[in-house]
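Please open the model in a viewer and keep the sequence at hand, as this tour moves from one selection to the next and says what is found at each stop.

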There are 2 protein chains.
Amino acid sequence: MNAPTAAVNSIRVAIVEDDDCIRAGLVRMLSRTSICRPVCNFANAESALSALPEYKPEVVLMDINLPGIDGVECVRRLKDKMPGVQFIMLTVYGDSDRVFHSLMAGASGYLLKRTPSPALLDAICEVHAGGSPMTPQIARRVVQFFQKVPDRSPQLEKLSPREKEILVLLSEGLLYKEIVAHLGISLDTVRTHIRKIYEKLHVHSRTAAVAKYLDSSDRFLSG
Amino acid sequence: MNAPTAAVNSIRVAIVEDDDCIRAGLVRMLSRTSICRPVCNFANAESALSALPEYKPEVVLMDINLPGIDGVECVRRLKDKMPGVQFIMLTVYGDSDRVFHSLMAGASGYLLKRTPSPALLDAICEVHAGGSPMTPQIARRVVQFFQKVPDRSPQLEKLSPREKEILVLLSEGLLYKEIVAHLGISLDTVRTHIRKIYEKLHVHSRTAAVAKYLDSSDRFLSG
DNA sequence: CGCTCCCTCGCATCTTTATGCGATTTTAAC
DNA sequence: GTTAAAATCGCATAAAGATGCGAGGGAGCG
């Protein structure tokens, strides 16, 4: 099974890349394998946006730097129309901001353009199988995101258990009277607790307290 | 240069793993290369916490499942004492919650125990070079974090640019009058915008709006 | 025992928000 | 060239929130 002809079960791949040379190279590379098949390719986001969906690719290789509409925005719009399609971003270097914007736009993988062909093929398979291929360098950028809150806010730790409990309810948008109903205490008691919370967090409004709370702890997880 | 003897410039690796068999296997494997060198190994977190720092490892392979203090907590405490050391978590399968807890505790890599030896060695080098090796499956878990609102909050997208702008200010805890000063518009205009925001988000208080906003979009990035 | 902290409750007052019902202008879309 | 949406402003009223002052009961500590 080394025939370069398109296998029926090969992964349908689309390419969006403005450099003619690189684009042709990718097409050629994909054509030489049986696991992938280039079904279409575009030199800019505009043409990809209008014509790419017709080809029903399963995986899209997307250059992040495109003239006009850039790769991130292109992914955002395409992902909206084709939620099941997997996008791999290609970039010349790991631009931190764009990594996140791409991931948030719906991309699943993030590779450097100088990735060798075999690794790129692996990545296409991985992303097609539900993984998120990315270079360790780029992964580190992502990982650092989860580490940037070293000591979950010193002020927050000064709150008493009851105060933390109420702060959580505040952050969920409950009215004072709803907190009253929820905790079975009087309105004035709620006021007193919140007053203390404000003192300890050095704020003067509930939204500021909530902002400080949500901004300085693991709003990510349950515990 | 195939001598199993410790090279001077080899990466100093520590191992924390409660399964004697696996631990011995890792030590043996690392001993057979010139790029790494096992400098110590422990069967539980407690002994690692007290003795590991003395050996000054550069990379630590940490089993996530340990009796008593678990691997995540162990990393948290060790990372506190040795910020420059890189930790790679080892797990039998990709447990979603623990992935994040590990990353937040300070781990940089996350691999499955069944990772083949060459790949594990690569990972040690990568983490030592500032990367974050992880399997594509685990990377996907991390990536999904940035996408966890598949259609990034339908309601939020209905907001006009100005409304989004004001919502951001609201979420930072600014008073109406502060928003007035910030945007150079009248108090009543701010009211009108916020009224529309409430309508579109189906809420009736600023905190509820902020909660909805922070809970369903990119609180991560600038724009 | 006195001290401190937490949780509870009350009253009074002032500020901030929420919302109903308007309006005009500009710009983009059909 | 009408329609629609966005951004701007105004007035009025009612609800919610912020804050000052005070106070009693219980848990824990030196």
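## The end of a helix in chain B

Begin just after α8(B), where G173(B) takes a positive phi of about 90°; helices here are DSSP runs of H or I with at least four residues, strands are runs of E with at least two, and both are numbered from the N terminus. The model is a predicted one, in which local features need pLDDT of at least 70, side-chain atom pairs count only at pLDDT 80 or more, and totals for chains, interfaces and linings use all residues. Residues are numbered from 1 along each chain as its sequence is written, chains are lettered from A and ligands numbered from 1 in the order in which they are written, and side-chain values use heavy atoms, with hydrogens and water left out.

Now select helix α8 of chain B, residues 161-171, whose buried residues are E163(B), I166(B), L167(B), L169(B), L170(B) and S171(B). Buried means under 20% relative accessible area, exposed over 50%, and partly exposed in between, with a 1.4 Å probe and protein chains only. Within this helix, L167(B) has a relative accessible area of 1% and is therefore buried.

In chain A, go to S171(A), which has its place in helix α8 of that chain and counts as buried at 9% relative accessibility. Leaving aside residues up to four places away in sequence, S171(A) touches V210(A), Y213(A) and L214(A), and also A211(B) from the other chain; contact means heavy atoms within 4.5 Å.

## The nonpolar cores

Next select L52(A), M62(A), L52(B) and M62(B), which touch the most other members of the largest nonpolar core, a set of 71 residues. A nonpolar core is a set of buried Ala, Val, Leu, Ile, Met, Phe, Trp, Tyr and Cys residues joined through side-chain atoms within 4.5 Å. Around L52(B), the residues touched include A14(B), V16(B), C40(B), F42(B) and L78(B), not counting residues up to four places away in sequence. A second, separate core has 40 residues, among them L174(A), I194(B), V210(B) and Y213(B).

## The second largest pocket

The second largest pocket has a volume of about 670 Å³. Select E126(A), M134(A), P136(A), E126(B) and M134(B), which of its 28 lining residues are the closest to its centre. Then colour β5 (109-112) and α5 (117-128) in chain A and β5 (109-112) and α5 (117-128) in chain B, the elements that give two or more residues to the lining. A pocket is an open set of points on a 1 Å grid over the protein atoms alone, where a 1.4 Å probe fits, with protein on both sides within 12 Å along at least five of seven lines, and lining residues have an atom within 4 Å of a point. Points are joined across faces, edges and corners, and the volume is the space filled by probe spheres set on them.

## Two exposed loop residues

Select K56(A), in the loop between α2 (45-51) and β3 (59-63) of chain A, which has a positive phi of about 45° although it is not a glycine and counts as exposed at 60% relative accessibility. Finish at H202(B), in the loop between α10 (187-201) and α11 (206-214) of chain B; H202(B), also not a glycine, has a positive phi of about 60°.
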